[in-house]
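Please read them with the structure open.

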Amino acid sequence: MRKFDTKVQHLKYKVLREVARAEWNNHLAESIFEIPKIISPGPHSTMRCCIHKERAIVTERIRMAMGGDKENPNVIEVISIACDECPTSGYSVTEVCRGCLAHRCEDVCPKGAITHDEEHHAVIDKSKCINCGLCAKACPYNAIINRKRPCENACKVKAVSMSNDGEAQINNDKCISCGACIYQCPFGAIVDKSFIVDVIKMLKESVATKQTKVYAVVAPAISSQFSYAKLGQVISGIKALGFHTVVEAALGADMVAWDESDELVEKGFLTSSCCPAFVEFINKFYPQMVDKISHNPSPMVALAKYIKDHDPSAKVVFIGPCTAKKLEAGKDKAKPYVDSVLTFEELQALFDSRDLEISQLEEDVLDNASFFGRIFARSGGLSEAVAQALLEKGSDFVAKPMVCSGIDECRIALLKATKGNVDFNFIEGMACINGCINGAGCLTHGEKNKAEVDKYGKEAMEKTISDALSYVK
Amino acid sequence: MTLTICIGSSCHLKGSKKVAQTFERLIEENNLKDKIEFHATFCMGNCQKGISVGIDDKVYSVTPETAEDFFAKEVLARLGK
């Protein structure tokens with residue numbers, strides 16, 4: 001059964017699994033030199049120019065699996081030696097060019113960068129081209145293409161660029177840690193830092209001393225993941241790793257929807273605060289809108305706070321699809337409550353580091369939240385939940401949400417809002433297209449994931465937000 | 001006295017909310033708000049036998065049907081009522 005979308009994810013997973021295995025066995029320090037040989041046994045290379053480079057890159061992946069560069073505040077880093085330095089020529093004319101008579105490309109170019117050679121083929125003068133793309137749109141043969149690096153293409157905030165040496169680099173002043181570049185880089189050269197080792201240490205300590213209890217708070221996007229097993233088996237697997245219990249982050253989402261609807265009525269205009277990459281996007285690109293960000297914590301923080309308020313021995317690990325949650329966990333608002341963050345990729349590695357075949361386990365149960373808390377995992381769910389909260393309170397305030405799926409849509413809505421006179425009063429911002437179900441830390445990213453989330457939502461025992469919250473308030 | 005009800009997934013599905021509502025009503029009816037600290041927790045490590053209810057450090061198994069009886073026998077009795 002295929003667990004990942006790409007071989008890059010599989011490679012990253014193998015490194016995480018081996019690092020985790022070594023940490024469980026208390027010999028991580030010694031294993032650092034052995035793991036590259038496990039991943040790339042040789043004698044011949046299978047991924048890179050030679051076995052030595054291949055193993056050197058694995059060593060860098062081990063470093064990322066162990067938390068990466070501690071000096072770098074970003075949770076996303078480039079593994080420079082893994083970057084293939086893809087050629088980036090921008091717009092170029094391919095051999096598809098027929099040398100036609102119309103020369104629409106030349107006519108449309110605002111900079112006069114296109115001429116035609118003696119065979120009537122278009123030629124772009126790179127010194128004049130501004131990469132506006134009008135020529136590509138104008139060509140009836142689609143003969144002009146944009147050769148852009150996958151990482152740069154994936155980054156909607158232009159935080160990824162090329163260094164003088166040709167390697168990808170991330171500008172931390174712009175990066176919102178959404179992880180889009182990680183999923184798109186075909187060489188796996190951009191990686192999120194992993195805190196898997198910290199989590200294993202936490203679990204080992206909890207089991208050994210019984211002084212702490214480690215709670216797993218799982219994001220509702222889990223319903224579209226681990227499709228080779230049942231959700232109940234995933235829960236059994238998480239507990240088998242040593243977690244005290246598993247609680248739905250969706251219950252935190254119910255809490256947030258309830259409070260956010262009050263805040264919306266009070267302030268009259270809000271942007272959501274659930275997606276940390278969206279919040280970071282506002283902070284970095286629309287500072288004039290910062291006061292419009294909901295003051296409510298994210299579902300992760302709301303629930304983690306509830307858990308810690310009621311159990312002083314609790315440690316909280318959030319498990320979700322999101323790389324930006326790793327960034328959020330380090331911020332002042334989250335730090336006292338969230339001890340660590342794992343992605344679904346990392347959870348898979350954790351299972352396999354203990355040789356837990358979850359599809360063979362008995363099914364446990366997971367049910368804390370309402371339908372509305374659960375559908376936060378997909379675009380539009382948060383807005384539906386806020387509207388539902390208003391309905392349950394009997395409020396006559398009308399929420400007019402602008403549902404933004406992906407950063408491009410977020411940008412347009414924010415831009416409109418800064419200008420005023422908009423016909424919406426609530427911006428639901430999700431950095432990933434279609435919401436958390438497309439997070440960079442997901443095992444699989446597919447069209448059917450939204451349906452899976454709705455199905456899971458409908459299975460919730462509590463049908464309304466107030467029912468789900470009745471004893472946690 | 002600390003009275004704890006488990007609201008973890010397993011107990012929740014078995015009806016811990018009904019038990020909690022029963023307890024809340026009985027605490028109210030018996031004017032015990034000052035004597036009982038009633039709160040919820042996510043897991044008491046007794047999932048198979050839930051619904052789990054804790055009195056101080058001891059864990060009991062209760063159902064929505066036995067909740068009222070349990071309250072009389074274990075909670076009120078301890079408080080000398």
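The points below cover conventions, domains, helix packing, the sheet, the chain contact and backbone geometry.

1. This is a predicted model, in which local features need pLDDT of at least 70 and side-chain atom pairs count only at pLDDT 80 or more, while totals for chains, interfaces and linings use all residues. Residues are numbered from 1 along each chain as its sequence is written, and chains are lettered from A and ligands numbered from 1 in the order in which they are written.

2. Chain A is assigned domain 1 (7–85 + 150–192) and domain 2 (197–469); such bounds come from an automatic or database domain assignment. Taken over C-alpha atoms, the centres of domain 1 and domain 2 of chain A are separated by 26 Å. Between them, 26 residues of domain 1 of chain A are in contact with 25 residues of domain 2 of chain A (contact: C-beta atoms, placed from the backbone, lie within 7 Å).

3. On the domain 1 side of that contact, H1 and helix H8 (180–184) of chain A each supply at least two residues. H1(A) gives the most, with 10 residues. Helices here are DSSP runs (H or I, at least four residues) and strands likewise (E, at least two), numbered from the N terminus. By class, this side has 15 nonpolar, four polar and seven charged residues. Ala, Val, Leu, Ile, Met, Phe, Trp, Tyr, Cys and Pro count as nonpolar, Asp, Glu, Lys and Arg as charged, and the others, Gly among them, as polar.

4. Helix H1 (residues 7–24) of chain A packs with helix H9 (residues 196–209) of chain A at an angle of about 30°, their axes being 10 Å apart. Axes are lines fitted to C-alpha atoms, for helices over the stretch in contact, and angles run from 0 to 180 degrees between N-to-C directions. H1(A) and H9(A) are therefore roughly parallel to each other (angles under 35 degrees). From H1(A) the contact takes A:Leu16, A:Val19, A:Ala20, A:Glu23 and A:Trp24, and from H9(A) A:Ile196, A:Val197 and A:Ile200. By class, these are seven nonpolar, no polar and one charged residues.

5. An open sheet of four strands in chain A runs in the order S10-S9-S12-S13 with parallel pairing (strands pair if DSSP finds at least two bridges between them). S10 and strand S13 (340–343) of chain A are the edge strands, each pairing on one side only. Neighbouring strands are turned by 30° against each other on average, direction ignored. Strand S9 (residues 213–218) and strand S12 (residues 314–320) of chain A pair over six bridges, and A:Ala216 has A:Val317 in S12(A) as its bridge partner. Helix H11 (residues 249–267) of chain A packs on the sheet, touching S9, S10 and S12, and its direction makes about 35° with that of S10(A).

6. Between chains, 15 residues of chain A are in contact with 13 residues of chain B. Strand S10 (245–248) and helix H13 (299–310) of chain A are the elements giving two or more residues to the chain A side. That side has eight nonpolar, five polar and two charged residues.

7. Which peptide bonds are cis? One joins A:Gly42 and A:Pro43, with omega about 5°, and A:Pro43 is in the loop between helix H3 (35–39) and helix H4 (51–65) of chain A. Another joins B:Gly50 and B:Ile51, with omega about 15°; B:Ile51 lies in the loop between strand S2 (37–41) and strand S3 (52–55) of chain B.

8. A:Asn142 has a positive phi of about 50° although it is not a glycine. A:Asn142 sits in the loop between helix H6 (134–138) and strand S5 (144–147) of chain A. Most residues other than glycine have a negative phi, and most peptide bonds are trans.

Terms used
Parallel < 35°, antiparallel > 145°, perpendicular 65-115°, else oblique. Contact = placed C-beta atoms within 7 Å.
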